[in-house]
Amino acid sequence: MKKQTLMLQSNADNLFDLVNRIILYLVLFVVVYPMLYIVAASFSDPYQVAAGKLWLWPVGFTLEGYERLIHYGEIWTGYGNTIYYTVAGTLLALAVTLPAAFALSRKDFVGRGGLMVMVMITMFFSGGLIPTYLNIKNLGLLNTRTLMIISGASSAYNLIVSRTFFSTIPEEMFEAAKIDGCSYTRIFLQIVLPLSKPIIAVMAMYFGVGHWNDYFGPMIYLKTRSFFPLQLFLREILIQSKVSAEMLADAEMAEAAAKSARISELIKYSSIIISTLPMLMIYPFLQRFFIKGVMIGAVKG
């Protein structure tokens, strides 16, 4: 009887594992296939792609999309600006978020409950776009690179996750450091930060991706094209190619319009790869810290 029960449990577990694997493989396919399709399309003949002959591997291999982007100078201006905004903005965000989160994680910090309530209120309410615009204008930050760096200096969610991580560090370590005469600044720099690689990686990834993908803020607050990030130039490529195709109504230009539309599609695919490649290259190096940091920062309230 006991053996039969164990066999039934074993069969049920195997069935459960099988169903889970099937579901996970389906999810993997749904997530990965669009990206593989875009990669293949960026190297494929646009006529073959438009004819629906592309499934996974490039058809009619070509580098025309990348060649056109390379010769489009403003793409590299945007690339340089985006790298600058991302690196500087992420470093500033870490410098602001981590010390604040550490302070809020200390039980002997007077008033931390009230401060946490104020932080959490910002997750549900905001001043709105127009008051924010007027505030930035009055501060003299409109159309400046400085605004792109400091605009995402912190967020309530990231602050809470970091605070939760710091609260998991054993209190005995801090007590021992205090007995040795360490100040909180020294404790943070020499004890907390070396133990916090997972959460630092998580926060760097969150802030970095946010700065890299940001286009709405620059679209509202920047006017000088030399300050534009990469995402704004890519947005222009997508919109302008659509408008030009709609405005070409002359029958004699139909073939030229069709060719232009197909080339523009090729450029779109190439632009997507160029814009996402840096983040895809960085993520594998941060993955092991990223998973650990997210799990630890989300367990304890």
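Start with the largest cavity, which holds about 50 Å³ of space. A cavity here is a set of points on a 1 Å grid over the protein atoms alone, where a 1.4 Å probe fits but cannot get out. Grid points are joined across faces, edges and corners, and a volume is the space filled by probe spheres set on the points. The model is predicted: local features need pLDDT of at least 70, side-chain atom pairs count only at pLDDT 80 or more, and totals for chains, interfaces and linings use all residues. Residues are numbered from 1 along each chain as its sequence is written, and side-chain values use heavy atoms, with hydrogens and water left out.

**Stop 1: the cavity**

Select Tyr85, Met148, Ser151, His211, Asp214, Pro218 and Pro229. These residues line the largest cavity; a lining residue has an atom within 4 Å of a point. By class, the lining has 4 nonpolar, 2 polar and 1 charged residues. Ala, Val, Leu, Ile, Met, Phe, Trp, Tyr, Cys and Pro count as nonpolar, Asp, Glu, Lys and Arg as charged, and the others, Gly among them, as polar. A search of the whole structure finds 1 cavity of 30 Å³ or more.

**Stop 2: the pocket**

Next, select Thr132, Ile150, Ser151, Ala153 and Ser154. Of the 19 residues lining the largest pocket, these lie nearest its centre. A pocket is an open set of points with protein on both sides within 12 Å along at least five of seven lines. About 650 Å³ of space lies in this one. Ser151 is on both lists: it lines the cavity and lies by the pocket centre.

Now colour helices H6 (129-138) and H7 (145-150). Each supplies at least two residues of the pocket lining. H6 gives the largest share, 4 residues. Helices (H or I, at least four residues) are DSSP runs, numbered from the N terminus. The pocket lining divides into 10 nonpolar, 9 polar and no charged residues.

**Stop 3: H4 against H8**

Show H4 (residues 73-105) and H8 (residues 156-166). They pack at an angle of about 55°, with axes 8 Å apart. That angle makes H4 oblique to H8. Axes are lines fitted to C-alpha atoms, for helices over the stretch in contact, and angles run from 0 to 180 degrees between N-to-C directions. Angles under 35 degrees count as roughly parallel, over 145 as roughly antiparallel, 65 to 115 as roughly perpendicular and the rest as oblique.

For the contact (heavy atoms within 4.5 Å), pick Thr97, Leu98, Ala100, Ala101, Phe102, Leu104 and Ser105 on H4, and Asn158, Leu159, Ser162, Arg163 and Phe166 on H8. They divide into 7 nonpolar, 4 polar and 1 charged.

**Stop 4: H4 against H10**

The angle is about 115° and the axes are 12 Å apart. H4 is therefore roughly perpendicular to H10. Select Leu98, Pro99 and Phe102 of H4 with Tyr184, Ile187, Phe188 and Val192 of H10. This contact has 7 nonpolar, no polar and no charged residues. Leu98 and Phe102 also touch H8.

**Stop 5: H5 against H8**

Finish with H5 (residues 112-121) and H8, packed at about 140° with axes 9 Å apart. The two are therefore oblique to each other. Met116, Val119 and Met120 of H5 meet Ala156, Leu159, Ile160 and Arg163 of H8. The classes here are 6 nonpolar, no polar and 1 charged.
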